[in-house]
Amino acid sequence: MRTHTCDVVVVGAGPGGSMAAKFCAKGGLDTIMIEKKAEVGAPLRCAEGVSKKWLEEVGIEPDPAWICADMVGAVIRSPSGHEFKLDESHAGSEVGYVLERHLFDKALARDAAAAGARIMMRTACTGVIMEGGRPAGIRARSMGEEIEIRAKAVVAADGFESQVGRWAGIDTKLGMSDIDSCLQYRMVNADVDPEYCEFNIGVKIAPGGYLWIFPKGNGVANVGIGVMAKFCKDAEPKKYLDKFIAEDPRFKDSQAVEVAAGMVSTCPGLDCAVGDNIILVGDAARIIDPITGGGICHACRTGMYAGLVLTECAKKGDFSKQALMPYEKMWRDRMEDKLYRNWMAKERLAELDDDTIDELVKLISGSDIKEVNVYNLLKVVKERFPKVVEGFDDLI
């Protein structure tokens, strides 16, 4: 069996993996990043919407090559059709770009390669090499050949279905209320507002989740739905999405030219995303916004943090769990309170009936909110519907 050796092996070439590989390589570490698919960023498994403010934080320069549309604002629509429309001057970080995600992912992989990382395509991790109770690399199938990649540390960036962390002994199980089943069509000939993203909420629309419309210009839009997994027995996402499209006159001449489906975690992150010689980033670490299901920015941040911490560990020659704990502090200091607050809000919102949701949307549409984000919306909800935020009101 052919064996490769390196300092760090990164499993997965999504945003988290590419950012980790980039910062490891920039730190002087011999880095290999593997990707099981034949193309970085494809097939699409994402609604492609991101906010703008975090890009500078992780050193990503906005590029028209992968920005499909620059949004003016967003619309939140209740089950009875009540709307809350906001423009960018009030939308804060909740409004941003609609991406060409496959081009965005390729750009990040290109940055990793430019920093010195080696990329191996069509290379699927099949197991973790454990020695002395800790990872010593991975086993993989590369272009049909069984190989080993020996490494001092492993970065698990293998997404929602992450097996690498589990193989290394990290508990990544999820409850049914912390999983959304998602389906999205790329629609053509859609008569939608090209400047506003749209979020439709309510039990009769998307139980425990929401239905989105992200315009991409020229009559093209991503139209998708996420339904909480515990409701999926009686609420098949496709049934709800097809019904919405069939009843909305904006799509009377539309057809789907692409279908994407998958699962998204909606919990506030793992109890611990590191072990001896291993770090989990992005979706693999369950670090994703529990309300929106958005994970690109979280993946990029955690990938960067992983690369920075691994660089410091290499200087000391220590990749133990204790040595990797600064990664835990980094992501928790930056994101944990918000993720936990949004997780609690998601749990409460899933319990509300459509009449209450209508009242909530009417309430926030009539409120004077200077910057609209989840935090400020919950502040308004707290005043009128305190039971919705009971148990996490100290975070608001």
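Visitor: At 9% relative accessibility, does Asn277 count as buried or exposed?
Guide: This is a predicted model, in which local features need pLDDT of at least 70, side-chain atom pairs count only at pLDDT 80 or more, and totals for chains, interfaces and linings use all residues. Residues are numbered from 1 along each chain as its sequence is written, and side-chain values use heavy atoms, with hydrogens and water left out. Under 20% relative accessible area is buried, over 50% exposed, and in between partly exposed (1.4 Å probe, protein chains only). Asn277, at 9% relative accessibility, therefore counts as buried.

Visitor: What is the phi of Asn277?
Guide: Most residues other than glycine have a negative phi. Asn277 lies in the loop between β17 (274-275) and β18 (278-280); strands (E, at least two residues) and helices (H or I, at least four) are DSSP runs, numbered from the N terminus. Although Asn277 is not a glycine, its phi is positive, at about 65°.

Visitor: In which loop is Arg286 found?
Guide: Arg286 is likewise not a glycine and has a positive phi, near 60°. Its relative accessibility is 4%, so Arg286 counts as buried. The loop that holds Arg286 is the one between β18 and α7.

Visitor: Which residue does a cis peptide bond join to Ala42?
Guide: Most peptide bonds are trans. Here the bond has an omega of about 0° and is cis.

Visitor: How are α7 and α8 oriented to each other, roughly parallel or roughly antiparallel?
Guide: The axes of α7 (residues 296-316) and α8 (residues 321-349) come within 7 Å and cross at roughly 155°. Such axes are lines fitted to C-alpha atoms, for helices over the stretch in contact, with angles from 0 to 180 degrees between N-to-C directions. Under 35 degrees counts as roughly parallel, over 145 as roughly antiparallel, 65 to 115 as roughly perpendicular, and the rest as oblique. The two helices α7 and α8 are therefore roughly antiparallel.

Visitor: At what angle do α1 and α7 pack?
Guide: Helix α1 (residues 15-26) meets α7 through Pro15, Gly16, Met19, Ala20, Phe23 and Cys24. With their axes 7 Å apart, they pack at an angle of about 25°.

Visitor: Within what arc do the buried residues of α6 fall?
Guide: Helix α6 (residues 237-247) has Pro237, Tyr240, Leu241, Phe244 and Ile245 as its buried residues. They line one face of the helix, because, seen down its axis, they fall within an arc of 125°.

Visitor: Which strands do the buried residues of α6 pack against?
Guide: The face turned away from the buried side of α6 carries the exposed residues Ala246 and Glu247. The buried residues of α6 pack against β12 (179-188), β13 (196-200), β14 (210-217) and β15 (220-228).

Visitor: What distance separates the C-alpha atoms of Gly73 and Glu195?
Guide: Gly73 lies in strand β5 (residues 73-77). At 0% relative accessibility, Gly73 counts as buried. Gly73 and Glu195 are 122 residues apart along the chain, yet the separation of their C-alpha atoms is 6.6 Å.

Note on methods:
Arc of directions from axis to C-beta. Contact = heavy atoms within 4.5 Å.
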